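Please look over the sequence and the model shown below before reading on. The paragraphs after it move from single residues to the whole chain.

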Amino acid sequence: MASHSDTLVVFFGATAGANGGKLGSDEREIILLVWQIVDLHEKKVGKLHRCVVKPDALELTDQCSEDTGLTVDDLAEAEPLDKVLQQFQQSVSSEVKCLGRSSFTLCVDSPHVIRQALHPEASKKNLVLPECFFSFVDVKKEFHKCCPDASSVPKRTLASMLEYVGLPAVSEESMGEMEVSSMVQLTLHLLAEPHSKRTADVINVFLVSFPSNKMEPVDSETVIRARGLPWQSSDQDIARFFKGLSIAKGGVALCLNAQGRRNGEALVRFINSEHRDLALERHKHHMGSRYIEVYKATGEEFLKIAGGTSNEVAQFLSKENQVIIRMRGLPFTATPQDVLSFLGPESPVTDDAEGLLFVKYPDGRPTGDAFVLFSCEEYAQNALKRHKQILGKRYIELFRSTAAEVQQVLNRYMSAPLISTLPPSPIMPVPVLASPPYLPAASSSRDCVRLRGLPYTAGIEDILEFMGEHTVDIKPHGVHMVLNQQGRPSGDAFIQMKSPDKSFMVAQKCHKKTMKDRYVEVFQCSTEEMSIVLMGGTLNRSGLSPPPCKLPCLSPPTAYAAFPTPPSMLSEAALYQPPLLAAPRPHQTVAHSPAHALAYYPPQPHMYMNMNMNYTAYYPSPPVSPSTVGYFAAPPGSVAAAVAAQSHPAAGAASSGLPQHGALVRMQGLPYNTGVKDILSFFQGYQLQPDAVLILYNFSGQCSGEALITFHSEEIARRAVAERSTQPFYGQQVHMVLCN
C-alpha cells in the first residue's frame, strides 16, 4: 500500500486481556475494532465504525470489561474475526470509492494492534488478511518526525501529543472511539499536506534464507533465543510464531546438540531493536500446545551458530529462494547419483548434483548427512514423502532445513577437534566424580514419576515433548535415564517434579500416553525409590532390591590395585562396580569419609576409540543419570592429571609428569555447546596452565554445563573469579568457585 496515499483509515483494536502498551502480550483474542476514514486532500472525515468481535474463548478480564464496557453476552452475539474483517474491507472500499480515491493506508497509534494482535491471531486461525494490513503509518513516529524537539512529552500518549500541538482533548468516553477521534485530529494537523512524505511500516510476508559470515557484525539488540520448540520445527514454523515481526535475511538459526540433532532452541535475528523488543513480549506464547520461552541473546551467540566462512557452503547457498532439505542416515558409500535416484523424478534437485552438499569429516570421510536444494515448495514436499524410506540397507530421515543449519553442521564436522586423540599406549588415571553431583537425596516424598516402556531410541528431548506442558514443573537436572548392564537404554526413566502434587498430576495425565507408537506407563514414586534404582538397585512388582553397593559381599574392583588408594579417600559411591573394570577382588574394609573425594582407576585399552574421539567413562554404572558426570582421559601434564594429583596424592606420586602447582576453578551453568576455545577466549589475559581447560561431559557426550580451569597461581585464579563472575558467558550467567 503506497505510503503517499491521500486517504487514511484510522484504525484501533482491543483484546480480551491486556491493552495499551501490553496489547497482545498475553495472547488474548481481539474483541473490538474501531475505524474511521480521513480524506487528507479534502480534509473530510467519514463515519466512525465500531464492531464487536466474537472470540473463540468467551471470557474477559475484569480490567478489559471495565475499559471497553463489553460483557460476555455482547461477545456471544457478535460476528467472528473473519466476518468482521470482511465487513471492514467492504465498508472501507465503498467509502474510498465514494470519495473518488483509489487507495488508502492504515493509520494506528502503535504497531501493537497490527503486529502483536492481528497478524498472530490471523496466523493461528489460518485467516488471509487483506493487503491493507501489511503496511501502516504509526502516528507516534510521524509526531516524532514533525516535532523532533517534543522529547519532553510524557510517554507520548494521544492526550499529551494533542496538548503539545495545541489541540483540545477528545471528550468521548467509549474506548476505541476516543482513541480514533484523537488520532483523526492529530493526523489532520500533522499530515495536512496530501503529498507530504510519510514512512509506512511494512510487514514482511516471507522469510528469506541466507548464509551468515562470521566476520559480519550483528547487533546484540536485535537477537533473541527461543526455547522449548518442538524438535521438528522448521525456520518457517519459527517465522510463523513471530508473525507480524520482521526477521532479518537468514535470521533463523536452529541450534543443534552434540549429536547434530535439534535441541529445541533457536536464535532469531530481527531487522532492528524495536522488533526484538516486541518479540520478547511473546515470552511463553504457544506454538501448538507448547509454550515457547523467549530471552535476549547476543550477536556473538548468533554468529557462533549461524556464521561460517566456508566457500563451499557459500557457493551452495548462493542460489536464493531455494527450499533446503536435510538428509540424515545416508550410507557412507552413497554417491550423488544414488541420492538423485532415491529422490526420484518428482523431486528434481536444483542443478542436479550441484544442488547436493555432502557433509564430511576433516579427513574426507562422509558423516551420513547431506543437504539438498529444491527450486519450489512442491518439489520439497515430494521429497519429504520419502522420509524413512530405504536407500541401500538404511532408512533415510528427511527434514526441512535452513541456511543457518547448513552452516552449523558444516562448522561442527569440518572444524578441527578441540581435544586431541589420546595415545593408546600409556595408562593414565581417569578422574571420576565419586558422588554424582545431581543424585537426589533419599526421601519418602512422592515427588517423582517413573516412566516405563520407553522406546529404546527415546532421548531426553522425546521425554520433554511427551510430558508437554508439565515440563515446566520438572526440577533442574531432574530427568534420569536408566541404562542396563551393557550401558544401553533400559526403557525406564525417572523424573523429579517440584512437588508431590505435580508428580501425581503427571501420572494421571500422561499414563499410557503414546511415544513413537508405544504407550508409556507413568507411575508416581518417591525420591528414595528413584535413588535406589539410580544407584544400581531394582524396582519391580516384587518390591525394591538394594543396589550392589549395599550388599555385604561387594568390594572395590581389582583395577584399583594399580593405583593404591588410601581407605579414607573412598566414599560409598566408589564401591559401585563399573562395567568396564575387572571382576571384584576380596573384600577389604573401607572407612568412609564425610568428604566426597575423587576415585581413580586405570583405563583399559578398549576404552579408547578411533575417529578422533575419546571414550567417556561413566561412573557409577549401571544405571546412570544423564547428568552423571564423566571425564575424558587426559595425557600427562593436562588439567585432568592436575586434578588427579591435587585430589589424590598417591596417584599423583605415581606419575612424575603431573604438575604440582596452580589453582583450580570450577565453572557451572555453561551453555551446552561450549568448547575449549570459548573458555580460553573468556579468560583471555589471565595466566593459565598448559592444557588448562577440562570440560565435563555427560553419558551422551554433551557438555554437562561444568568445566575445570587451572590458573598459574591462586592469586590469578581469585582475580579471575572476582572480575569475570559478573560477566555473562556468551549471554549466559555462570557460577565460578575456587577449589582449594
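K284 counts as partly exposed because its relative accessibility is 41%, where buried means under 20% relative accessible area, exposed over 50% and partly exposed in between, with a 1.4 Å probe and protein chains only. K284 sits in the loop between α9 (273-280) and β13 (285-287), and its phi is near 70°, a positive value in a residue other than glycine. Helices (H or I, at least four residues) and strands (E, at least two) are DSSP runs, numbered from the N terminus. The model is predicted, so local features need pLDDT of at least 70 and side-chain atom pairs count only at pLDDT 80 or more, while totals for chains, interfaces and linings use all residues. Residues are numbered from 1 along each chain as its sequence is written, and side-chain values use heavy atoms, with hydrogens and water left out.

K512 also has a positive phi, of about 65°, although it is not a glycine. K512 belongs to the loop between α16 (500-510) and β25 (513-515), and it is partly exposed, with a relative accessible area of 48%. In strand β11 (residues 247-256) one finds K249, which is partly exposed at a relative accessible area of 43%; K249 and V208 are 41 residues apart in sequence, yet 5.2 Å apart in space from C-alpha to C-alpha.

H470, in the loop between α15 (460-467) and β23 (474-483), counts as buried at 9% relative accessibility. Leaving aside its neighbours within four places in sequence, H470 is in contact (heavy atoms within 4.5 Å) with M497, M505, V506, K509 and C510. The C-alpha atoms of H470 and M497 are separated by 9.1 Å, although the two residues are 27 apart along the chain. Helix α10 (residues 299-306) is largely enclosed by the rest of the structure, because six of its eight residues are buried, namely G299, E301, F302, L303, I305 and A306.

The strands come next, where two strands pair if DSSP finds at least two bridges between them. Strand β16 (residues 323-328) runs antiparallel to strand β20 (residues 394-400), and four bridges join them; the bridge partner of M327 in β20 is L398. Strand β19 (residues 389-391) is likewise antiparallel to β20, through three bridges, with Q389 opposite I396. A hairpin is formed by β19 and β20 with two residues between them, and G392 in the turn has a positive phi of about 70°.

The second largest pocket holds about 800 Å³ of space. Of the 32 residues that line this pocket, those closest to its centre are V205, F206, L207, Q236 and A239. The elements that give two or more residues to the lining are α4 (112-124), α8 (235-241) and β16, and α8 supplies the largest share, four residues. A pocket here is an open set of points on a 1 Å grid over the protein atoms alone, where a 1.4 Å probe fits, with protein on both sides within 12 Å along at least five of seven lines, and lining residues have an atom within 4 Å of a point; a volume is the space filled by probe spheres set on the points, which are joined across faces, edges and corners.

Across the chain as a whole, the protein has 21 helices and 33 strands, and 51% of its 740 residues count as buried. Residues 24 or more positions apart account for 71% of the contacts with a separation of 6 or more.
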